[in-house]
Amino acid sequence: MDVFQKCHEFERAEQVKARGLYPYFVPLGGHVGAEMKIDGHSIIMLGSNNYLGLTDNPYVMEAAQNAIEKYGTGCTGSRFLNGTLDLHIELEERLAEFLRREKVITFSTGFQANLGVISTLAGREDIILVDRADHASIIDGTRMSFARVLKFRHNDMDHLRHQLEKHRDQAALIVADGVFSMEGDLADIPGLVSAARDYGARLMIDDAHGVGTMGGHGRGTAEHYGCEDDVDMLVGTFSKSFACIGGFAAGPAKVIDYIKHTARTMIFSASLPPAAVATVLATLDILEREPELLQRTHRAAERARKGLADLGFNVGNSEAPIVPVILGEEMLTFRVWRALFDKGVFTNPVITPAVPPDGDMLRTSYMATHTDDMIDRALDIFEQVGKQFDLI
């Protein structure tokens, strides 16, 4: 037996490459904007999580450059020992104020935030209840925790309550995405809040795709629903609206202090580099003074959502700046992706197991910097390709 054997037997990627349909690891040669050049031809970018369009904002880039001048390129150690800068403290305090939380702790990636928080809060004697559509980082965090994990059907509050009733004698943590990252639909946060309250459970929302896009001020999906104070823990990332990389957890001060001193993904990982921290601070400045960016993002998404639906595509139940085009078959998804790409539209092909069986899709996402003209040109291309493949 050889642990490498499965590697040699893995042929799925090569088979797709042989057909000229391989859609992953496409090298981008410049700033990732709403419209850019890839391999020398112009393409409308509908495959980026750069929701506020700030990755190449001059104010943001200048802040990152200034941080490098002052602090250098990296901290070369973990926050726990030698990697905490005054800049990290400033960011955590600013975020706590923005999110209206007692305290915030940052992580080097959003994935690490979920792993660290979940595995720290839940132990062997506890149960964790997760939505079946939750992100992989949530699932991996539950595995690290050694707690018993129970899955409830997607956004099915009756099923969640049934699970809670069966285990009401155990401490429970409910974990769900605020915005589900593939389909763009929202968690039933009011329903989650009600179930958590009735059964004495704690509620954690991973709002990676919600903070910076949802709610009147961009504080996330709970703000959108008007129940921010009822969510016990909020986790998010800097790799979407905040134009960089990293993650955070926000909640009660005593809980954050406990996570700060016990989460393995924070203690044993190098801290965010200065340029990243400065980038997030600068994007936060812009978000606070230009809330109209939120409206622009949703206006672009709604224009695309309505246009695709009017053409006859299945766009699911999206409410966020993520609009799926559900095709239901893997190879068809790759073919349609290739045709769109060749005609000038970049999308993200998503196949099982990232989505349920028969849920293979093209995931499109929208930025504040997408113009009506860009969306309309993309819709024209979708119409051409849809007719080419008899989809509409």
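A crossing of two helices is left-handed if the near helix is turned anticlockwise from the far one by less than a right angle, and right-handed if clockwise. Helices (H or I, at least four residues) and strands (E, at least two) are DSSP runs, numbered from the N terminus.

The model is predicted: local features need pLDDT of at least 70, side-chain atom pairs count only at pLDDT 80 or more, and totals for chains, interfaces and linings use all residues. Residues are numbered from 1 along each chain as its sequence is written, and side-chain values use heavy atoms, leaving out hydrogens and water.

**Stop 1: helix 15.** Select residues 372-388, which form helix 15. Now colour its buried residues (under 20% relative accessible area, 1.4 Å probe, protein chains only): Met374, Ile375, Ala378, Leu379, Ile381, Phe382, Val385 and Gly386. Seen down the axis, they fall within an arc of 165° (directions from the helix axis to the C-beta atoms), so they line one face of helix 15.

**Stop 2: helix 14.** Helix 14 passes helix 15 in a right-handed crossing. Contact (heavy atoms within 4.5 Å) is made by Val336, Ala339, Leu340 and Lys343 of helix 14 and Ile381, Phe382, Gln384, Val385 and Gln388 of helix 15.

**Stop 3: Ser241.** Go to the loop between strand 8 (233-237) and strand 9 (247-251) and pick Ser241. Ser241 counts as buried, at 2% relative accessibility. Beyond neighbours within four places in sequence, its contacts include Asn49, Tyr51, Val211 and Thr283. Finish with Met367: its C-alpha is separated from that of Ser241 by 9.2 Å, though they are 126 residues apart along the chain.

Key. The expected span of a helix is 1.5 Å times one less than its number of residues. Buried means under 20% relative accessible area, exposed over 50%, partly exposed in between (1.4 Å probe, protein chains only).
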